[in-house]
2 protein chains.
Amino acid sequence: MVGIVEEARLVNIGAKPVEDYVFETILMFQEGSSTVVLKGSGGFVSKAVDVYNALVSRLGDSVELVKVDIGSDRFKGRFKSFIAITVRKKY
Amino acid sequence: MVGIVEEARLVNIGAKPVEDYVFETILMFQEGSSTVVLKGSGGFVSKAVDVYNALVSRLGDSVELVKVDIGSDRFKGRFKSFIAITVRKKY
């Protein structure tokens, strides 16, 4: 039996307000995606966690934290820290 | 048989340079602690990941990532995002 693995959608955290990324994520859930990755690099690592916390305070336990990945990407010859927060809509 | 569970030591990330926290962590390892938690709150969440990446680039695979916790703490009536990165010295 061939299972369908749903591709996780990506929200790249940047200079916009936290709420914009919360709505972007909720919209993806409403469009049928169940898994979304919030990715923040460099100075936006903190904001990615802010977006996660705002999402949880808004959606409560209908959203769950799947995993948190941290590391560094090479960017224009320099290394930049990143965080990738995978969240899943339970219901 | 009573096992001894070694208490993880805590490095609170603040305004000092990244390297200061890297040395603080290495010192803890040299003093015999095998598990250290790098905790950053608010704007220092990004720096906690920077410290982790600098530690890995310095110590290579003698240090391993145990887990990453994210959430929010209540601080003076407001919620502040935090990250707690648990690292272990393998050898």
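Let's begin at the interface. Between chain A and chain B, the rule finds zero salt bridges. Keep in mind that this is a predicted model.

So what does turn up there? How many residue pairs are in polar contact across the interface of chain A and chain B? Eleven, with both residues at pLDDT 80 or more.

Next, which elements of chain A touch chain B with two or more residues? They are helix H2 (45-59), strand S3 (63-75) and strand S4 (78-89). H2(A) gives the most, with six residues. By type, the residues on this side of chain A divide into ten nonpolar, seven polar and one charged.

Now the extent of the contact. Chain A brings 18 residues, and chain B brings 18 residues. The two chains bury about 1,200 Å² between them. Of that area, 64% lies on carbon and sulfur atoms. Three residues of chain A lose the most area to chain B: Ser46(A), Ile70(A) and Ser81(A). Together they account for 41% of what that side buries.

On to symmetry. In general, two copies of a chain are related by a rotation about an axis and a shift along it. Here, a rotation of 180° superposes chain A on chain B, with 0.0 Å of shift along the axis. The RMSD is 0.0 Å. The two copies are therefore related as by a two-fold rotation axis. The same surface serves both copies, and 100% of the contact residues of chain A recur in chain B.

Which residue of chain A comes closest to the rotation axis? Ser46(A), with its C-alpha at 2.6 Å.

Last, the annotation. In an unreviewed entry, UniProt places "domain: DNA/RNA-binding protein Alba-like" at residues 11-71 of chain A. Over that stretch, the chain is 46% helix and 30% strand. The C-alpha atoms at its ends are 17 Å apart.

Conventions. Residues numbered from 1 in each chain as written. Chains lettered and ligands numbered in written order. Predicted model: local features only at pLDDT ≥ 70, side-chain atom pairs only at ≥ 80, totals over all residues. Heavy atoms only, no water. UniProt positions renumbered as here; feature names shortened; annotations may be inferred. Helix = DSSP H or I, 4+ residues; strand = E, 2+ residues; numbered from the N terminus. Least-squares fit on C-alpha atoms with pLDDT ≥ 70 in both. Contact = heavy atoms within 4.5 Å. Buried area = accessible area lost by both parts, 1.4 Å probe. Salt bridge = Lys/Arg side-chain N within 4 Å of Asp/Glu carboxyl O. Polar contact = N/O pair within 3.5 Å; in protein donor to acceptor, adjacent residues only side chain to side chain. Nonpolar A, V, L, I, M, F, W, Y, C, P; charged D, E, K, R; others polar.
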